[in-house]
Amino acid sequence: MFGSSQKSAQLAEEVTDFTAVQGRSLWQDARTRFVQNRAARTCVLILALIVAFTIFGPYFAQWNNEEIDWDIMGSAAERGMPSFATGHYFGVDDLGRDLYSRVIQATTTSLLVGLVGAAMALFVGTIYGIISGFVGGRADNIMMRIVDILMAIPTVLIIILLLVVAGRSFFMLFIALGAVSWLSMARIVRGQTLALKHREFIEAARASGVSEITIMYRHILPNLLGVVIVYASLLVPEMILAESFISFLGLGVSEPYTSLGSLISEGAGTMAYGTLWQLAFPLFFYVTIIITMFFIGDGLRDALDPKDR
Amino acid sequence: MIAYIIRRLLVAIPTILVLIIASFFLMHFAPGGPFTSERPLPPQVLANIEARYGLDQPLWKQLYDYLFNIIFHFDFGPSFKFKDRDVNDIIAQGFPISLTYGALSFLAASVVGISLGIAAAIRHNTWIDYVAVGLGIAAQALPNFIMGPILILTFTLWLGLLPGGGWNGGQWQYLIMPVIALSTSYMGSIARITRSSMLEVLNSNFIRTARAKGLPTRSVIWRHALKPTLLPVVSYLGPVFVYVLTGSVFVDIYFSTGGLGQAYVGSALSRDYAVLLGVTILYGTLTVVVNLLTDLAYAWFDPKIRY
């Protein structure tokens, strides 16, 4: 007979007290890695501050972005500098428009352009790539040839062409940016799908009678998401850059709306007259957004795709 | 290898053909034409002009003539806007200029970018690394169209060292600023790609072996690490070459260099479809060729790749 001691009872309890080991999903792992990345964390914070500024900034504005300060108009270099007395926190441009309101409006536009452009690439490119890779065979061949042909036209040319042919508007700008950004996404997704297609778990799913479409979105899509998200986050600054380039050419959004790219090129044009604030404020927001997006993209890549460093 | 090149060229021809046809239709369905103006022309005049450019023909006939002239006469037709020039003239005038500073910028971006990246990777986590990374990010984040005015302001207005614009037959003083303005952002991305690729290579087993058998660092890097490092860089350089050539748009505007970019944007805004089509086709063909060259360079850099 075994004597029963407190110790053995405790031991027995410990042995029988079986709690399942908490599994860690890929996403939890990724989140931990991302949060531990100090540069990426700081950049998310800065970006959040900028977004907050675009949301709450207008409440502090004393001038609307369409209003013209007739007093200052024409003498921006002497009296248009940033000041609290006139209510132009960021100064005015040479037409007497308040730069504070215009910068807020421009930042909103640029952020939207970046996000919408990347989102369009995400949706169209992913769907196209999965179908092409998963269906395979002749369909794959034709679909990828189409991508090759579209890729052969330089990006800027496609955008200029579309904007000139269909006219300038917000909507068309998004379409034009989306039209060029999904191509490389489709290629990446197709490559990943091809690699996944012959793995055992897909075969197992098929053997247990899962339909092809369900396999695509239940089994292939989740395994792609890491790569796709990383690439999409790197696309955001690229889209903002492309839009600035287009605005610089005078094909971007039209007045009174503006974007950081057009404000910068305007500021660059008037720099020689001594109105440096016209360049400094938009450039500051622009560079900050681009740099934070770079670091966030890098952080996401390290978090979601640890082997690809 | 030869078979592969021939096969690629055979695929390239239909690609370019589809490109031409697609752009042709896109432009013909666009609203507004080169001859629409605020004061509408009398219908007889318009009919005469259209007959002169063959625009009164059915669309398929226009396309057929256009393709026929390109393939057999290498003639892209007359410009709609400039009465006495045809598209070939405009391209022949602008393209050499774009190509000159484009190629120089490409060279500058790749040489400086790759050296910077390698230096940063070899001296990982030292001040050299931090400076290189900082420069790379700054160069990438500063849009290249902002470099133009900044350079003009410093070197022309303040220092008075360089001419503010013009081409002057490609004299070196006229080349410096366009090349700097065009190359910096690509320099930045090339440096970043090279650095991360080099770091990965330096951590791999064969480099450890090379070090273990006592090779000096110099030859480890030159003989063993360089080629695999450059593999991802080369795949990025192909597109960069095309970007640099099309990026001439803003250089032409700021520095009045008179390259093809100016002609392209000008023709897009004035709806000179003939020039627009010609330049699009030229750039598209160039892209196809550059992509082919990139793939061939791949084979040289990575002996594992066989075609």
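When I say that two residues are in contact, I mean that their C-beta atoms, placed from the backbone, lie within 7 Å. What you see above is a predicted model, and I will begin with A:Val103, which, leaving aside its neighbours within four places in sequence, is in contact with A:Phe90, A:Leu263, A:Phe281, A:Pro282 and A:Phe285. Together with A:Ile159 and A:Leu163, A:Val103 touches the most other members of the largest nonpolar core, a set of 136 residues.

Let me turn to A:Leu279, which is found in helix α12 of chain A. A:Leu279 counts as buried because 21 other C-beta atoms lie within 10 Å, the cut-off for burial being 20 or more. Beyond its neighbours within four places in sequence, A:Leu279 is in contact with A:Ile264, A:Gly267, A:Ala268 and A:Met271, while A:Leu260, 19 residues away in sequence, has its C-alpha 10.0 Å from that of A:Leu279.

Now to the two chains, where 27 residues of chain A are in contact with 27 residues of chain B. On the chain A side, α6, α7, α10, α11 and α12 each give two or more residues, and the largest share, six residues, comes from α7(A). By type, this side of chain A divides into 23 nonpolar, two polar and two charged residues.

Finally, for chain B, an unreviewed UniProt entry places the feature "transmembrane region" at several stretches, including residues 101-122 and 134-160. In the model, residues 101-122 of chain B are 100% helix, with end C-alpha atoms 31 Å apart, whereas residues 134-160 of chain B are 85% helix and 0% strand, with end C-alpha atoms 29 Å apart.

Note on methods
Residues numbered from 1 in each chain as written. Chains lettered and ligands numbered in written order. Predicted model: local features only at pLDDT ≥ 70, side-chain atom pairs only at ≥ 80, totals over all residues. Helix = DSSP H or I, 4+ residues; strand = E, 2+ residues; numbered from the N terminus. Nonpolar A, V, L, I, M, F, W, Y, C, P; charged D, E, K, R; others polar. UniProt positions renumbered as here; feature names shortened; annotations may be inferred. Core = buried A, V, L, I, M, F, W, Y, C linked by C-beta atoms within 7 Å. Buried ≥ 20, exposed ≤ 12 C-beta atoms within 10 Å, placed from the backbone.
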